[in-house]
Amino acid sequence: MMRSLLIFAAGLLFSLSATAADVTGKWRTIDDETGQPKSIVEIYEQNGRYYGRVVDLLMKPDDTLCEKCPGERQGKPIVGMNIITGMVRKGDIYEGGQILDPSKGKVYDCKMWREGNTLKVRGYLGFFYRTQSWQRVE
């Protein structure tokens, strides 16, 4: 009986820790400069890598185009665009990919991690970085 209880408790702890680090789902982005919500980004897993696409703009019309985006994304609608690409999970941290800031047209190296219902998203450019706190959308 005691052994069954220990196995159950270990399984429960494992499932809670796996869920705690999961970043898939919808997140409300919060601008780190203004503190205002900007968009809803849906993070999804595909072939072991994680991506995030904009599913709604909160401060601009949904048909807003990415005028400052580099390359093939320039002039394309922001809604539906992948702004997070190629992230790989390493324990509780997701890294190795990139994030696009559509308002500035800049692409940064990226790292993400969960703190409760908050997703910390850090964009790097060399030694400089910005960190945003995104909120889970239920």
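Figure 1. Read along its sequence, the protein follows the pattern α-β-β-β-β-β-β-β-β. This corresponds to 1 helix and 8 strands. The model is predicted, with a mean pLDDT of 87 for the protein. Of the residues, 86% reach a pLDDT of 70 or more. In residues 2–19, by contrast, the pLDDT is below 50. Of the 138 residues of the protein, 33% count as buried. Among contacts between residues at least 6 apart in sequence, 38% join residues at least 24 apart.

**Figure 2. The largest nonpolar core.** In soluble globular proteins, nonpolar side chains tend to be buried together. The largest nonpolar core of this protein holds 23 residues. Ile43, Ile84, Met112, Leu119 and Trp134 are the members that touch the most other members. Two or more core residues come from each of strand E2 (37–46), strand E3 (49–57), strand E4 (82–90), strand E5 (93–101), strand E6 (106–115) and strand E7 (118–125). Setting aside residues up to four places away in sequence, Leu119 touches Val23, Trp27, Ile43, Met112, Trp113, Arg114, Gln132, Ser133 and Trp134.

Figure 3. Ile30 belongs to strand E1, which spans residues 25–30. Along the chain, Ile30 and Trp134 are 104 residues apart, but their C-alpha atoms are separated by 5.6 Å. Trp134 is among the residues in contact with Ile30 once neighbours within four places in sequence are left aside. Gln132 and Ser133 also contact Ile30, as do Gly35, Gln36 and Pro37.

Figure 4. Ser39 is placed in strand E2. The relative accessible area of Ser39 is 8%, and the residue therefore counts as buried, the limit for this class being under 20%. The side chains of Ser39 and Thr29 are joined by a polar contact of 2.8 Å. Apart from residues up to four places away in sequence, Ser39 touches Trp27, Arg28, Thr29, Val54, Asp56, Leu57 and Leu58.

**Figure 5. Asn47, a loop residue with a positive phi.** Asn47 is found in the loop between E2 and E3. Most residues other than glycine have a negative phi. The phi of Asn47, however, is near 55 degrees, a positive value. Is Asn47 buried or exposed? Asn47 is exposed, because its relative accessible area is 72% and the exposed class begins over 50%.

**Figure 6. Gly80 in the loop between E3 and E4.** Gly80 is located in the loop that links E3 and E4. Leaving out residues up to four places away in sequence, Gly80 touches Arg53 and Val54. Gly80 and Gly52 are 28 residues apart along the chain, with 9.5 Å between their C-alpha atoms.

**Figure 7. The largest pocket and its lining.** The volume of the largest pocket is about 570 Å³. Its lining is made up of 28 residues. Which of these residues lie nearest the centre of the pocket? They are Lys38, Leu100, Asp101, Pro102 and Ser103. The elements E2, E3, E5, E7 and strand E8 (128–136) each give two or more residues to the lining.

**Figure 8. Arg130 and its polar contact with Asp101.** Arg130 lies in strand E8. With a relative accessible area of 26%, Arg130 is partly exposed. The side chain of Arg130 makes a polar contact of 3.5 Å with the side chain of Asp101. Asp101 is also one of the residues nearest the centre of the largest pocket. Neighbours within four places in sequence aside, the residues in contact with Arg130 are Asp32, Glu33, Asp101, Lys104, Tyr108, Val121, Arg122 and Gly123. Of these, Tyr108 is 22 residues from Arg130 in sequence and 9.7 Å from it in space, C-alpha to C-alpha.

Technical notes. Residues numbered from 1 in each chain as written. Predicted model: local features only at pLDDT ≥ 70, side-chain atom pairs only at ≥ 80, totals over all residues. Heavy atoms only, no water. Core = buried A, V, L, I, M, F, W, Y, C linked by side-chain atoms within 4.5 Å. Buried < 20%, exposed > 50% of the residue type's maximum accessible area, 1.4 Å probe, protein only. Helix = DSSP H or I, 4+ residues; strand = E, 2+ residues; numbered from the N terminus. Contact = heavy atoms within 4.5 Å. Polar contact = N/O pair within 3.5 Å; in protein donor to acceptor, adjacent residues only side chain to side chain. pLDDT = per-residue confidence, 0-100. 1 Å grid on protein atoms, 1.4 Å probe; cavity = no way out; pocket = protein on both sides within 12 Å on 5 of 7 lines; lining within 4 Å. Points joined across faces, edges and corners; volume = space filled by probe spheres on them.
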